[in-house]
Amino acid sequence: MIVLGFDTATPATAVALLDDARPGAAAERRHEPAPGERPGHAAQLLALAAELLGAAGLRFADVERIAVGLGPGTFTGLRIGVATARALAQSTGAELVGVSTLRALAAEAEPGAPASHGVLAVIDARRGEAFAAGWRDGEPVLGQVALAPQPLAELVAGEGGRWLAVGDGALRFREDLEDAGCTVPPDGSRQHGVSARAICRLARQAPMGTARDLVIPDYLRPPDAVLARKNTT
């Protein structure tokens with residue numbers, strides 16, 4: 001199976017190509033905006049996908065399954081990613097599968113986690129909050145939440161056990177998470193970036209594709225614009 005997967009839930013644009021006929025790790029391309037630069041999802045997503053396909057001697061029409069990160073994450077990024085995935089699936093006839101961005105973040109970190117550690121995926125949700133969820137031995141033990149750092153640390157500490165915390169939210173709220181007993185990899189570790197390879201691999205495990213209209217972003221909380229309107233009424 002040829003799977004094209006991408007994630008735009010964070011400022012980074014991550015795209016990967018997995019081809020069962022070519023054994024080995026999935027090829028991946030990323031765009032990381034420079035400090036102060038706006039995310040490049042709209043300009044980079046299809047360009048990176050075309051680069052990957054071209055390097056493999058493939059076309060968009062050769063893709064059999066489109067995999068997209070559903071979030072939670074930034075409203076604009078998720079909207080661009082999901083809309084692009086749905087349009088590609090419609091134009092190529094490829095199957096479409098949505099994948100939790102938090103699950104993909106944790107899945108990529110699990111092989112390198114210290115023994116007996118669960119993996120806590122943490123994405124910076126802005127407004128002083130983080131999106132987070134946790135897994136142990138591949139099984140969910142902390143459901144998705146959107147919390148400020150102190151309540152999140154209390155939740156993790158209450159769960160007990162050791163944790164590897166990864167993601168840009170783990171970096172932003174490192175002190176609170178480490179106080180709760182989490183291990184946070186160093187700044188610059190690849191474990192903190194959402195892997196499009198993991199998006200591909202998780203999507204490949206799905207028994208079948210999903211109807212396009214059912215693949216929708218998982219915002220987990222109302223977008224900033226909605227909250228702003230509520231605050232002015």
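## The largest pocket

In this predicted model, the largest pocket has a volume of about 570 Å³. Its lining is made up of 26 residues. Nearest the centre of the pocket lie A12, R30, E32, H192 and G193.

Which elements give two or more residues to the lining? They are the strands β3 (27–31) and β6 (117–126), together with the helices α3 (101–109) and α5 (168–172). The most comes from α5, which gives 3 residues to the lining.

## Fold and overall shape

The chain holds 8 helices and 10 strands. Its C-alpha trace spans about 50 × 50 × 35 Å along the principal axes.

How does the radius of gyration fit what a compact globule would have, and why? A compact globule of 233 residues would have a value near 17 Å, and the chain has 17 Å, so the two agree.

## Inside and surface

Buried residues account for 47% of the 233 in the chain. Here, buried means under 20% relative accessible area.

Of the contacts with a separation of 6 or more, 64% are between residues 24 or more positions apart.

Methods. Residues are numbered from 1 along each chain as its sequence is written. This is a predicted model: local features need pLDDT of at least 70, side-chain atom pairs count only at pLDDT 80 or more; totals for chains, interfaces and linings use all residues. Side-chain values use heavy atoms; hydrogens and water are left out. On a 1 Å grid over the protein atoms alone, a cavity is a set of points where a 1.4 Å probe fits but cannot get out, and a pocket is an open set with protein on both sides within 12 Å along at least five of seven lines; lining residues have an atom within 4 Å of a point. Grid points are joined across faces, edges and corners, and a volume is the space filled by probe spheres set on the points. Helices (H or I, at least four residues) and strands (E, at least two) are DSSP runs, numbered from the N terminus. The radius of gyration is taken over C-alpha atoms; the globule rule is 2.2 Å times the number of residues to the power 0.38. Buried means under 20% relative accessible area, exposed over 50%, partly exposed in between (1.4 Å probe, protein chains only). Contact means heavy atoms within 4.5 Å.
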